[in-house]
Amino acid sequence: MYWPKAKRTQCRTIVLILSGLELVSTALNAAPITFNTALPVAKGAFINREQFIIKRFKDDAGQLQRDLEVNGLISVLGYGVSPKLAIFAAVPYLDKSLDLTMNEQSFTRSSKGLGDAKLFARYTFLQQDARSETLRIAGFAGFKAPTGEDDKQDVLGDLPVPLQSGSGAWDYFGGVVITYQTLDYQIDSQLSYAINGTAGNFNAGNETRADVSFQYRLFPQAMNADTHSFIYGVLEANFVDQKRNRLSGLADQNSGGTTLYLTPGIQYVTTKYILEAAIQIPVKQSLHGNGLETDYIFTTGFRVNF
């Protein structure tokens, strides 16, 4: 069959984009901003991701008003062990501040430091490739180690658990992620579950997450052999269900619940790096008791392949 020159050029571009991650270490693609993707890391290649996160929580009900700010930098390093297996390590640095106001009196409690590190592996167990599209299904599992301090104090005594840099506990998590990619758009979805351990008689509630991401190429509208950068619009939805925390075996009635986020974002993608930003907006929160509500979560950062 004869292919016109323009069509042949487009097909070569498709092959570069969809196959580059497996063959070389110099290709990146659009990806979810708030969770993982099933697209592979090339064998012997590294991916570094730096995420700057700003979280705001508030509780204006009742006599006690609480405002929690969490600013963090999460550094992630991934390595391609094989075309199907990749391992990742993530270390956060967290700056937390809690403002309390009661009877017109205000005070602040805060902490800074390295948080708990995560180590996990991702294995692609299904791969179906066709012209201009690919489908990947991968499973992942790992643990969070208690590398952050969990016994910080201020003039008022021990800081509450949400203000500590670390949890002091070993946590375990796993899940499945699915990626469907075409030349114009990509869809990712993830289902995960985390089992949180106990430290100092405190046990954070286990967490279930369901995430979906749609990335659509906004620019350029037409591609050719000289196209090396792209702009993607991103829209994600994140559902989080957390069980109640437990202290000395007793459930904390002011903890846990469900939250649904809608997350618009944008990505600038080249063959070497990605620049990205997104904001998670809670559209539905059903929390237990007087738990802190999420105001918003802003994420920005970059990824680089080497």
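Start on the surface: select Ile187, Val212, Phe214, Tyr216, Leu218 and Phe219, which form a nonpolar patch with about 540 Å² of accessible area together. A patch takes residues with over 30% relative accessible area and no salt bridge; nonpolar side chains (Val, Leu, Ile, Met, Phe, Trp, Tyr) are joined within 5 Å, like charges within 9 Å. A salt bridge means a side-chain nitrogen of Lys or Arg within 4 Å of a carboxyl oxygen of Asp or Glu. Areas are Shrake-Rupley values with a 1.4 Å probe, and for residues only the protein chains shown count as cover.

The model is predicted: local features need pLDDT of at least 70, side-chain atom pairs count only at pLDDT 80 or more, and totals for chains, interfaces and linings use all residues. Numbering runs from 1 along each chain as its sequence is written, and side-chain values use heavy atoms, without hydrogens and water.

Now select strand β13 (residues 207-219), which gives the most to the patch, with five residues. Strands are DSSP runs of E, at least two residues; helices are runs of H or I, at least four; both are numbered from the N terminus. Pick out Phe219 in β13. Phe219 is exposed, at 53% relative accessible area. The classes are buried under 20%, exposed over 50%, and partly exposed in between.

Color by pLDDT, the predictor's confidence in each residue, from 0 to 100. The protein averages 89, and 90% of the residues score at least 70. Strand β10 (residues 185-195) is highest at 98, while helix α1 (residues 5-23) is lowest at a mean of 41. Over residues 1-26 the pLDDT is below 50, yet this stretch has 45 contacts beyond near neighbours in sequence. A contact means heavy atoms within 4.5 Å.

Ten bridges join β3 (residues 85-102) to β4 (residues 105-114), running antiparallel. Two strands pair if DSSP finds at least two bridges between them. Asp99 has Thr108 in β4 as its bridge partner. Two residues lie between the strands, and Asn103 takes a positive phi near 55 degrees.

Move to the open four-strand sheet, order β11-β12-β15-β16, with antiparallel pairing. β11 (198-199) and β16 (250-251) are the edges; each has a single partner strand, so one side of each lacks a neighbour in the sheet. Two bridges join β12 (residues 202-203) to β15 (residues 246-247). Phe202 stands opposite Leu247.

Last stop: Thr300 in β19 (residues 293-305). Thr300 is partly exposed, at 27%. Beyond four places in sequence, Thr300 touches Glu50, Gln51, Phe52, Glu276 and Ala277. The C-alpha atoms of Thr300 and Leu275 are 7.8 Å apart, across 25 residues of chain.

Methods
Buried < 20%, exposed > 50% of the residue type's maximum accessible area, 1.4 Å probe, protein only.
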